[in-house]
Amino acid sequence: MGVIARYRERLPVTDATPMVDLDEGSTPLVESRNIAASLGLRRLFFKYEGLNPTGSFKDRGMCVAVAKALEAGSKVLVCASTGNTSASAAAYAARCRMRAVVFIPSGEIALNKLSQALMYGAKVVALKGNFDRALATVRELADSYPVALVNSVNPYRIEGQKTAAFEIVDALGEAPDYLLLPVGNAGNITAYWRGFREYHEAGKSANLPRMVGAQAEGAAPIVLGRPVENPKTVATAIKIGNPASWEGATSARDESGGLIEAVSDTEILQAQIRLASTEGLFAEPASVAPLALLYRLVREGRLEKDATTVVVLTGSGLKDPDVAIANVEPPVELDGDARSLAKALKL
Ligand code: AN7
């Protein structure tokens, strides 16, 4: 069952809204064994959003946005994307037999995300310039032509994405003390905060989490307090210089008593290897920015060791493997019989 069916009464859908789903959501909340132990944390969980049908959290909001677009009679979906939104939009368009036209910054998105959009049958337009420029272009397009814009400036995207917060509270029986996630265009932090507040108001949790956002150092407009003209980071998903939901992110931070900080590309790549090699969870670079920040917060004594912490792993590591494997030992070339192999491998 997808998120619309599961959380129907908390979403802006009616009997007139078509059911759209790819069985998204219901992702695992994996309890950390080894990172928690090494940091001395009592309860650390990873919300593994890479297990959504297109490999990222975007599917939660996309199904609602596409359902509402269909309900309104739209036939064409458009978005700008650093990769995951385009993959998700393309998949749901295929599912509903709609057209999808996705705009990506030329040469800047991970190959596997591009392959998804192409395979699902979207028209992929590579625009010169960065994501921020592509978003400005599609917003203009959507203002003047009969197309449905499915970036997170579409309020239905945020509505669908808030269901991840519901799932965490449903799984833990309470809200965590800290919720850490990456911040790019800032739709997701806005959505989680809304979800936690709605569940709190409905009496489903006694507490609210502190919201902790991670940006990449070279693409940290919210941390700097001003747009970044030429964002740079290895985490291409969050290579965004002027987030559309800026206000939503700062409200989530300030109302929850949280923080938004930047981590370096080196910290991101280190965290990615640690997560994969000590927990068996492979997440894309953007997704591990909050884990890199967690290391810093614990090291500096800014996060209580008996707190319950959830780190959202927003996208699968298989989205962008090239960047990851550049930093680990390559396969070894060996040949020979079992005996000589065993000797070489010290078995
Ligand atoms: C894996 O696909 O913006 O702060 O166009 O793919 O809600 O933007 C992706 C963003 C985090 C940031 N992690 O979320 C896009 C796009 C992953 C992402 C983010 C993205 P927002």
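A polar contact is a pair of N or O atoms within 3.5 Å. Gly-187 places a polar backbone atom 3.2 Å from an oxygen atom of the ligand, and an N or O atom in the side chain of Thr-314 is 2.6 Å from a nitrogen atom of the ligand. Taken alone the ligand exposes 470 Å², of which the protein buries 99% (Shrake-Rupley method, 1.4 Å probe).

The model is predicted, with local features requiring pLDDT of at least 70 and side-chain atom pairs pLDDT 80 or more, whereas totals for chains, interfaces and linings use all residues. Residues are numbered from 1 along each chain as its sequence is written, and side-chain values use heavy atoms, without hydrogens and water.

The ligand is surrounded by 24 residues (a heavy atom within 4 Å); the closest are Asn-84, Thr-85, Asn-185, Ala-186 and Thr-314. The shell comprises 10 nonpolar, 12 polar and 2 charged residues, with Gly counted as polar and Asp, Glu, Lys and Arg as charged. Helices H4 (84-95), H9 (187-201) and H13 (285-299) each supply at least two residues of this shell (DSSP runs of at least four residues for helices and at least two for strands).

An open sheet of 4 strands has the order E5-E4-E3-E6, with parallel pairing (at least two DSSP bridges between strands). Strands E5 (123-127) and E6 (148-149) stand at the edges with a single partner strand each, so one side of each has no neighbour in the sheet. Strand E3 (residues 76-80) is joined to E6 by 2 bridges, and Val-78 has Leu-149 as its bridge partner in E6.

Methods
A polar contact is a pair of N or O atoms within 3.5 Å; within protein, one must be able to donate a hydrogen and the other to accept it, and residues adjacent in sequence count only if both atoms are side-chain atoms.
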